[in-house]
Amino acid sequence: MPELPEVEVTRRSFAQAIAGAQVTAVRMGKPLRWPLGGDGGALVGRSVSGVRRRGKYLLVDLDQGVLLVHLGMSGSLRFAQGLPPPGPHDHFDLVTTQGTLRLHDPRRFGAVVHAAGEADPVAAKLLGGLGMEPLSDDFSLDAFSRGIKASRVPIKQMLLGGKVVVGVGNIYASEVLFLSGIRPQTPSARIGPARMGRLHAAIRQVLERAVELGGSTLKDFSNADGAYGSYQAHANVYGREGAPCKVCGTPIKALRQGQRSSYFCPRCQRA
DNA sequence: CAGTGGGCCTGAGTGC
DNA sequence: TGCACTCAGGCCCACT
């Protein structure tokens, strides 16, 4: 589920509300993708100083250490007081003086990891190889272009890989390529300057727009207040196989790349 | 070394 | 109604 916009929308929905809170208890359900690291009891008494985002990770900063939260494919967070008793898919509760932060994740591809800091080997392993932040100032066309050109991997998979730029997942990769007029199968190294410029701009444009719209709710995504996103209704190609292209009317095509589906318009995306 | 594909999990949907 | 199968927003890692 959650790509960069959903994670950012989630962050914004509870960062203020949790700031300054002190952890009073931790509850864990079934194991998640990675172990918490240490005893949950070590979190009790810590206070939350803020919430940042790096790629698709949320970094819950504590007065000592940091909590890395990843939503995987099916995760979502809630932050509220008086949450109901945990259900079978609520696998982590951080109970604080200002409310409970709860991770709901049926597929359990998500994780909550407690690390001493970002430099802690456990955290560094997860955050180390990440590419540029697309919504930050370091996301220059120059660096992006160099990163992309260095590989012959199809551009769709290059974007998903996160080594050059983070946060572009399966939905937004298709949308970004549509706006840039590039086919998903195009080898990264074969993208020339004109299309590279459009691709770079489209990444920012699509992700910013998605954040404004609260992300995409395909099935069950909601932010920490329980609100749904609406970007999916604006998708040009994702999930629209056979439907007419919103620009030219040509039926949208689907294909599979590395076990993931990609969608594109054969007319608007010529090569 | 770059690149591909399996695997982690559960639930929803489809076709028989 | 039940079963077998496919697919779903991500990402690590073993293999070629």
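Author: What follows sets values against definitions.
This is a predicted model, where local features need pLDDT of at least 70, side-chain atom pairs count only at pLDDT 80 or more, and totals for chains, interfaces and linings use all residues. Residues are numbered from 1 along each chain as its sequence is written, chains are lettered from A and ligands numbered from 1 in the order in which they are written, and side-chain values use heavy atoms, with hydrogens and water left out.

Reader: Why is Asp 61 called buried?
Author: Buried means under 20% relative accessible area, exposed over 50%, and partly exposed in between (1.4 Å probe, protein chains only). Asp 61 has 16%, so Asp 61 is buried.

Reader: Which residues is Asp 61 in contact with, leaving aside its neighbours within four places in sequence?
Author: They are Ser 47, Val 48, Ser 49, Gly 50, Arg 52 and Val 66. Contact means heavy atoms within 4.5 Å.

Reader: What makes Phe 139 and Phe 144 an edge-to-face pair?
Author: Rings of Phe, Tyr and Trp (its six-membered ring) pair if their centres lie within 6.5 Å; planes under 30 degrees apart count as stacked, over 60 as edge-to-face and the rest as tilted. The centres of Phe 139 and Phe 144 are 5.4 Å apart and the planes stand at 70°, so the pair is edge-to-face. Phe 139 has 2% relative accessibility and counts as buried. Phe 144, at 0%, counts as buried too.

Reader: Which residues of helix 3 are buried?
Author: Phe 144, Ser 145 and Ile 148 are buried in helix 3, residues 141–149. Helices (H or I, at least four residues) and strands (E, at least two) are DSSP runs, numbered from the N terminus.

Reader: How do you know that they are on the same side of helix 3?
Author: They cover an arc of only 100° around the axis, so they share a side of helix 3. The arc is that of the directions from the helix axis to the C-beta atoms. Helix 4 (155–161) and helix 6 (193–212) are among what covers these buried residues. Asp 142 and Arg 146 are exposed, on the face turned away from the buried side.

Reader: What makes the approach of Ser 151 to DNA strand B a polar contact?
Author: A polar contact is a pair of N or O atoms within 3.5 Å; within protein, one must be able to donate a hydrogen and the other to accept it, and residues adjacent in sequence count only if both atoms are side-chain atoms. An N or O atom in the side chain of Ser 151 is 3.2 Å from a phosphate oxygen of DNA strand B. For the side chain of Gln 259, the distance to a phosphate oxygen of DNA strand B is 3.1 Å.
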